[in-house]
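User: I am new to this structure and would like to know the grounds for the terms used about it. Please show it, and I will ask as I go.

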Amino acid sequence: MKARRNKKQVPSFRKLLKTSKVKLENKLKNKQHKQQSTLKKYRKEQRKLRQAVKDAVSKKPFPLEDPKGKRPVKRIEKEEEEEEEALPLDMMDEDDLQLMKDLGQRASFLTRDLSSSEPVHAKKRKHEHVIDKYEKIPRTLQTAPEKELIHLLPIKDKSGIIPQTREKPDIDSNKDEEDQEEEMELEEEIIEDPIPEMTIEEHLIARKKKLQEKKLHIATLASAVLSDPESNIKKLKELRSMLMEQDPDVAVTVRKLVVVSLMELFKDITPSYKIRPLTEAEKSTKIRKETQKLREFEEGLVSQYKFYLENLEQMVKDWKQRKLKKSNVVSLKAYKGLAEVAVKSLCELLVTLPHFNFHNNIIVLIVPLMNDMSKSISEMCCEAVKKLFKQDKLGQASLGVIKVISGFVKGRNYEVRPEMLRTFLCLRIKEVEVKKDTEDINKPKKFMTFKEKRKTLSRMQRKWKKAEEKLERELREAEASESTEKKLKLHTETLNMVFVTYFRILKKAQRSPLLPAVLEGLAKFAHLINVEFFDDLLVVLHTLIESGDLSYQESLHCVQTAFHILSGQGDVLNIDPMKFYTHLYKTLFKLHAGATNESVEIVLQCLDVMLTKRRKQVSQQRALAFIKRLCTLALQVLPNSSIGILATIRILMHTFPKTDLLLDNESQGSGVFLPELDEPEYCNAQNTALWELHALRRHYHPIVKRFAAHLIAGAPSEGSEALKPELSRRSAVELFETYSMAAMTFNPPVESSNPQKKDKFLQGDSFLNEDLNQLVKRHCSEVAIQSPLDFTKYLKTSLR
């Protein structure tokens, strides 16, 4: 008879991938449990059979309970010999085996309850006097089970020898002895090879070897996906399964490597369009093999990308909630490192794949992390958002981020990091009209109507014209250039969200640490604010300045915002900003003169907007007062700030030519100069001179020295005192940044001087003073006498 062929096929690799790891573990546990229970059952049957053989061999029946508690030694020895002589079951005949099974089934003591008082062999009992002996023994009620005693060494005393005993500890009263024996036998069988103990060096070598194997496996899978993404998209799942690495030696490192590898893979193989789900009609239609292959690739890519983002989100959640997994493979300390890698990958995907699926989900994950307690993670997320704003040409992704940030700030009651709002400064709102010129030059070609073609073209020409127009339409669609109207609409909506956030903070949280970022943002986008809000906004800014709650830097931002408003669409308004001029004039002497002199840049921007661009609205008295105060300020700030201030004075002297009277010390006017007065119109600045320029002319910085000499000469555009083009053509802010000393070095660097070494040195005889020469000779001729140093006498005197 032919053996039956096993039709069960070996599961394919695809099926194994679909089977979860938990399911495989459960299958393995069930299989082991089944084997153990079968083995246990077999051993129980063997034990019963052996007991039945012993009972059949024994000829003389003994009572179950002996009143004296003694059993003959000969029987015990005999039983042991018989047990040794008993044959194993596989060496017996079938008849003997059947007989033993029958005996085992008739053995009543195997299944008998020992607590019952029924005699075992009622018919064969011959010793009736045993019962009489039982009756004579006094009976005691056993409340607790008797414990076995261990006899210790006795103690000898005057009264005699005192025996010592101790109760034997119970191992487990609930378990039968048979079960304990079986468990011990199973453990001996399972634990055959003990785990070898390794030294630290061996452990490190083994870990390095494991890590190298994992790296090679990751590299193999990644290169397979990169070489042919459409065919090997399933290997993404195998690579993603390594995010659940269970080996505690390399778990953290392998997970980090897999996260970064998957991130780079998705950046490379992701298409430049968004993949939409197929409709039922599209699924039911017949398609070509190439199209079907592309659809399978897109579905697999979107699915694996979604699961990957969920894994990254779970890593961040585990770190935030400090949840330790049951497997204990990753420690709590390692969670932060894993979370940082996950956040870095999310930031990279946010910037590089704004067009792909689930981008809004990434935004929702990243925005709360911008306000995280961890400074590194917060900075990482803010930098990613800034990068996204800078490179977003259309504005769709920027609008999504702005909406989430605005809602988050409102939901947290404006208690967030100021860096979140400073990201708004990177928005590309000014670049709305970038492609306008190119569209004007290359205007879309107007196609001819059918009537025009009939009139002007022949039949063959109409045919060629039709083909040309079809080709042009396809090229235009392939270009996929977004219309200016769509950009304008998106940018308008984005700016509305930004201003809503700013105005909410100005209205409800004026003492919030977000105020400087709000004022800075308003200063940048003020020219885009609707004219209807100008009056109210200027009132709010002036109220903030007068309240006295702002720092000098925040008040400078208020002034800058106000003049940005007035320099744009605010030109048509009849508003006198004299109070803002007065405040800036008053604040100039409060500027920080040390390393943190960033506020000087704001002052230079304010002066450009307030004085240069509004030259027609500025009086000569106001210009003279600002020039004098700026010249005094240049004495107490760092060199780059002095250069920026002197460049501003040069521009003002060109803008207001009559201010050259400050260079003449003989000119006089009515009144006396009042430098302490905070009103620039009434301080009589025409009665002073710029004597500070002579002090700056001796400055250690060469550029400051050059500017001071240039201004003393009257800021000429030609001649020996004229500036070089690299200094004259730059604005004050550019010069301030160029000669910055943020690196705590001289800018430009100071040339090292190499003094000439003198070949001859003065000898003692060459001194002019004779007494000095004699003193030198006497000290040189004296023999040095070594005496022990005693410091204690000085110590004693000092203590007294």
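User: Which helices do the buried residues of helix 10 pack against?

Analyst: They pack against helix 8 (200-227), helix 9 (235-241), helix 12 (289-321) and helix 13 (332-352). This is a predicted model, in which local features need pLDDT of at least 70 and side-chain atom pairs count only at pLDDT 80 or more, while totals for chains, interfaces and linings use all residues. Residues are numbered from 1 along each chain as its sequence is written, and side-chain values use heavy atoms, with hydrogens and water left out. Helices (H or I, at least four residues) and strands (E, at least two) are DSSP runs, numbered from the N terminus.

User: How many helices and strands does the chain have?

Analyst: The chain has 34 helices and two strands.

User: What makes His557 count as buried?

Analyst: Buried means under 20% relative accessible area, exposed over 50%, and partly exposed in between, with a 1.4 Å probe and protein chains only. His557 has 6% relative accessibility, so it counts as buried. It lies in helix 24 (residues 552-567). Not counting residues up to four places away in sequence, His557 touches Pro516, Leu519, Glu520 and Ile602, where contact means heavy atoms within 4.5 Å.

User: Why is Ala509 called buried, and where does it lie?

Analyst: Its relative accessibility is 11%, and therefore Ala509 counts as buried. Ala509 lies in the loop between helix 21 (484-508) and helix 22 (515-525). Leaving aside neighbours within four places in sequence, Ala509 is in contact with Tyr414 and Arg504. Ala509 and Tyr414 are 95 residues apart in sequence, and their C-alpha atoms are 7.2 Å apart in space.

User: Why does Thr688 count as buried?

Analyst: Thr688 is at 13% relative accessibility, so it counts as buried. Thr688 lies in the loop between helix 28 and helix 29 (692-696). Its contacts, leaving aside neighbours within four places in sequence, are Lys628, Leu662 and Phe673.

User: How do you know that the span of helix 10 agrees with its number of residues?

Analyst: The expected span of a helix is 1.5 Å times one less than its number of residues. Helix 10 (residues 251-269) has 19 residues and should span 27 Å; its end C-alpha atoms are 27 Å apart, so the two agree.

User: Which residues of helix 10 are buried, and why are they said to line one face?

Analyst: The buried residues are Ala251, Val254, Arg255, Val258, Val259, Leu262, Met263, Leu265, Phe266 and Ile269. Seen down the axis of helix 10, they fall within an arc of 170°, and so they line one face of the helix. The arc is that of the directions from the helix axis to the C-beta atoms.

User: Why are helix 10 and helix 13 called roughly parallel?

Analyst: Their axes come within 10 Å and cross at roughly 0°. Axes are lines fitted to C-alpha atoms, for helices over the stretch in contact, and angles run from 0 to 180 degrees between N-to-C directions. Angles under 35 degrees count as roughly parallel, over 145 as roughly antiparallel, 65 to 115 as roughly perpendicular and the rest as oblique. Helix 10 and helix 13 are therefore roughly parallel to each other.

User: What makes helix 26 largely enclosed?

Analyst: Of the 14 residues of helix 26, eleven are buried, so the helix is largely enclosed by the rest of the structure. Among them are Ile602, Cys606 and Met610. Their cover includes helix 24, helix 25 (578-587), helix 27 (620-633), helix 28 (639-655) and helix 32 (732-738).
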